[in-house]
Amino acid sequence: MLKKIFIKAEILTMIDEQLMISNGALGVEGSQIIYVGETPNQEVLDQYDEIVDCTGKAILPGFINTHGHVAMSLLRGYADDLPLQRWLEEEMWPLEARFTNIQVQAGTSLSALEMIKSGTTTFLDMYDHMDTVAQVTTQAGLRASLCRGVIGFGSDELRKHKLNEAVSFATDWSGAAEGRITTMLSPHAPYTCEPDFIRQFVEKAHQLDLPLHTHMSETVKEVKQNMDDYGLRPVEHLLNLGFFEKRALVAHAVHLTDSEIDVLWEHDVKIAHNPVSNLKLGSGIARIPDMLRKGIRPSLATDGAASNNNLDLLEEIRLTALIHKGYAQDPEVVPAITALKMGTQYGSEALFLDDQVGTLEVGKQADFITMDLTGPHMQPRHDVISHIVYAASRSDVLDVYVDGKALMRNRECLTLDEERICFEATQAFKAIAK
């Protein structure tokens with residue numbers, strides 16, 4: 001028989017009709033939520049195996065990071081303050097070419113630990129050595145959408161091998177880790193993959209009914225290169241290649257025209273907004289207020305820790321609520337609640353998991369976090385949502401649950417060995433350092 005746990009706390013459901021429940025409670029049976037609402041009478045409470053009093057805490061859905069390269073945490077702080085193309089071509093790619101499963105395992109473990117400790121319960125990863133990434137994800141207990149990111153350089157034979165590898169990974173791991181792992185197909189970007197190669201990914205995605213993911217319109221240079229190479233901007237280019245015919249998620253989407261925003265909305269293309277990475281690399285500021293006004297619901301992402309330099313989604317939430325206000329000189333363009341939805345509910349939509357996670361509702365998976373509301377920076381408690389977005393930090397995340405299982409309790413990670421992971425990450429980098 002599945003254990004039934006009842007948790008008393010302030011509940012932030014992310015559902016507009018019942019957004020905040022002050023005298024709230026969450027009921028969990030096994031991996032699913034079975035109750036969300038006000039604290040019921042004793043007769044109902046007696047039906048639960050365990051009652052947990054979380055007075056002074058808020059329960060909310062776990063954060064969802066919709067684009068990243070988790071193994072790149074091994075390169076955190078390496079070759080900072082460079083433009084994107086120099087950073088990639090002269091620094092990142094040569095060093096990443098030396099990565100083996102040892103480096104990917106160490107970097108992924110470090111990222112998984114950091115995500116758990118900052119309240120992320122679901123993430124997307126696009127990289128190489130993805131079997132190793134999936135294995136670490138399984139061990140950590142996290143939920144993830146994983147894809148073998150493919151750069152289309154090299155011979156026809158090499159491209160064919162990479163495509164087959166991406167397809168094999170996607171089919172082998174889909175539904176693994178008790179359903180916590182889903183998969184996508186992912187050509188790296190229009191500027192690294194020729195049109196015919198992208199078409200092959202589109203065909204495979206249709207055959208296997210898998211979503212597609214790629215980088216798109218991250219920099220002015222990238223857009224110009226697409227115009228020079230193909231006579232089209234990236235959005236129209238991908239549209240003509242059939243990339244938007246089914247489920248698609250694009251990362252960045254910084255440099256868009258009005259008509260391109262219209263195209264993305266018409267085809268229900270999901271967007272992963274990476275504000276910190278885009279700022280640090282000097283790529284620009286995405287037109288998030290314009291997307292929201294159109295009806296697009298952008299999600300949030302950190303990108304890799306080498307271009308961020310952390311995986312703190314709460315920082316992305318806060319920056320999203322701030323940067324667009326300043327840029328537009330309008331304090332109403334991205335309210336706190338919208339930014340928080342972008343890091344939770346909209347994130348689940350971007351990964352096509354909104355039937356499972358992203359809100360606290362009966363029947364959904366029990367992916368949730370608790371946040372401490374008792375610190376001085378959270379007082380007086382005028383508005384819990386405002387405090388979480390504008391005042392809280394990742395150290396206020398106390399407990400993390402995925403599928404009803406505790407990954408962290410009172411800041412102690414239960415599924416990963418923190419000391420060992422930090423040590424092994426340093427050793428793994430030393431093994432490939434120049």
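Modeller: I begin with contact, which means heavy atoms within 4.5 Å. This is a predicted model, in which local features need pLDDT of at least 70, side-chain atom pairs count only at pLDDT 80 or more, and totals for chains, interfaces and linings use all residues. Residues are numbered from 1 along each chain as its sequence is written, and side-chain values use heavy atoms, with hydrogens and water left out.

Biologist: What covers the buried residues of α7?

Modeller: The cover includes β11 (212-216) and α8 (234-240). Helices (H or I, at least four residues) and strands (E, at least two) are DSSP runs, numbered from the N terminus.

Biologist: Which residues of α7 are buried?

Modeller: In helix α7, residues 220-230, they are E222, V223 and N226. Seen down the helix axis, these residues fall within an arc of 100°, so they line one face of α7. That arc is taken from the directions from the helix axis to the C-beta atoms. Buried means under 20% relative accessible area, exposed over 50%, and partly exposed in between, with a 1.4 Å probe and protein chains only.

Biologist: And which residues are exposed on the other side of α7?

Modeller: V220, K221, K224 and D228 are exposed there. Just after α7, G231 has a positive phi of about 75°.

Biologist: What does β17 join through two bridges?

Modeller: That is strand β18 (residues 412-413), which runs antiparallel to β17. The bridge partner of R409 is E412 in β18. This hairpin has two residues between the strands, and N410 takes a positive phi near 50°.

Biologist: What is the volume of the largest pocket?

Modeller: The largest pocket has a volume of about 600 Å³. Of the 30 residues that line this pocket, W93, E96, Y127, I151 and H188 are the closest to its centre. The search uses a 1 Å grid over the protein atoms alone: a cavity is a set of points where a 1.4 Å probe fits but cannot get out, a pocket is an open set with protein on both sides within 12 Å along at least five of seven lines, and lining residues have an atom within 4 Å of a point. Grid points are joined across faces, edges and corners, and a volume is the space filled by probe spheres set on the points.

Biologist: Where does the largest share of that pocket's lining come from?

Modeller: It comes from α2, with five residues. By class, the lining of the largest pocket has 15 nonpolar, nine polar and six charged residues. Here Ala, Val, Leu, Ile, Met, Phe, Trp, Tyr, Cys and Pro count as nonpolar, Asp, Glu, Lys and Arg as charged, and the others, Gly among them, as polar.

Biologist: How much space lies in the second largest pocket?

Modeller: About 420 Å³. Of its 24 lining residues, I5, Y401, G404, K405 and A406 are the closest to the centre. The strands β1 (4-12), β5 (50-61), β16 and β17 each supply at least two residues of this lining. The lining divides into seven nonpolar, seven polar and ten charged residues.

Biologist: Last topic: which residues are joined by cis peptide bonds?

Modeller: N308 and N309 are joined by one, with omega about 15°. Another joins Q379 and P380, with omega about -15°. P380 is in the loop between β15 (368-372) and α15 (384-390).

Biologist: Is H252 buried or exposed?

Modeller: H252 counts as buried because its relative accessibility is 1%. This residue lies in strand β12 (residues 248-252), and its phi is near 90°, a positive value in a residue other than glycine. Most residues other than glycine have a negative phi, and most peptide bonds are trans.

Key. Pairing = 2+ DSSP bridges.
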